[in-house]
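Thanks, everyone. I would like to take a few minutes to walk through one structure, beginning with a loop, then going through the sheet, and ending with a pocket.

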Amino acid sequence: MKNYRLSVLIFLWIIVMCFSCTSKQNEKTDMNQLLSAISENDNAWNNLDVEKIVGMFSEDGTLLNDKSEMLRGKEAIRKSFEMMQKFEKLEFKRDKVEVKIVGKIAYEIVNQIVTFKRKDEEPQTELNKYIHIWEKQNDGSWRVLIDMNNLRPQSGE
């Protein structure tokens, strides 16, 4: 009887360990896929690629810009980015980043320095902060569910 119990305990321990290893591998895969999506999103912004930026949002994505109404859905978000046609250059430099995954939801919190140049104007720099709430889609890809950003005080203020 003792051998039977011991065998059952060993068997259960092996199952738990296998599940734990698989779970850790899934977490690593999810994080790699999320970081790839974040990089793709950053590149779209730096290249002023409105269609790619909009494509990074989930179908019911929400945009919460500083001093703007809440925009929901890709079409509303696309219209809000029409102002990007005025830019010759847009560059982001991250100076603080936190990324975490909780199930099928992830968040990315960033402080960044944004430099932009509108046609016929001198380049301008702003400090801002944003949070992206990402959602893992049924196909395994990550899409922005909520994008919220606003300005932060200039250094020394």
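Leu48 sits in the loop that links H1 to helix H2 (50–55), where helices (H or I, at least four residues) and strands (E, at least two) are DSSP runs numbered from the N terminus. The phi of Leu48 is positive, near 55 degrees, in a residue that is not glycine, and with a relative accessibility of 22% Leu48 counts as partly exposed; the cut-offs here are under 20% relative accessible area for buried, over 50% for exposed, and partly exposed in between, with a 1.4 Å probe and protein chains only.

Before I go on, please keep in mind that this is a predicted model, in which local features need pLDDT of at least 70 and side-chain atom pairs count only at pLDDT 80 or more, while totals for chains, interfaces and linings use all residues. Residues are numbered from 1 along each chain as its sequence is written, and side-chain values use heavy atoms, with hydrogens and water left out.

A second residue other than glycine with a positive phi, here near 65 degrees, is Asp120, which lies in the loop between S4 and S5. Is Asp120 buried or exposed? Asp120 is exposed, with a relative accessible area of 79%.

Stepping back to the protein chain, we have three helices and six strands, and from the N terminus on the order of elements is α-α-β-β-α-β-β-β-β. Of the 157 residues, 27% are buried. If we take the contacts (heavy atoms within 4.5 Å) with a separation of 6 or more, 51% of them are between residues 24 or more positions apart.

Now to the sheet, which is open, has six strands in the order S2-S1-S6-S5-S4-S3, and shows mixed pairing; two strands are taken to pair if DSSP finds at least two bridges between them. Strand S2 (71–72) and S3 are the edge strands, and because each has a single partner strand, one side of each is left without a neighbour in the sheet.

S3 and S4 run antiparallel and are joined by 14 bridges, with Val97 opposite Val110 in S4 and Val99 partnered by Glu108. These two strands form a hairpin with two residues between them, and Gly103 in the turn has a positive phi of about 65 degrees.

S5 and S6 are also antiparallel, over nine bridges, and Glu135 has Arg143 in S6 as its bridge partner. Their hairpin has five residues between the strands, with Gly140 at a positive phi near 95 degrees. The pairing of strand S1 (residues 57–64) with S6, by contrast, is parallel, over four bridges, and there Leu63 stands opposite Asp147.

Finally, the largest pocket, whose volume is about 760 Å³. On a 1 Å grid over the protein atoms alone, a pocket is an open set of points where a 1.4 Å probe fits, with protein on both sides within 12 Å along at least five of seven lines, and lining residues have an atom within 4 Å of a point. Grid points are joined across faces, edges and corners, and the volume is the space filled by probe spheres set on the points.

Which of the 27 lining residues are the closest to the centre of this pocket? They are Asn65, Met83, Glu126, Asn128 and Asn149. Helix H1 (2–46) and strands S3 (87–102), S4 (105–118), S5 (124–136) and S6 (142–151) each supply at least two residues of the lining.
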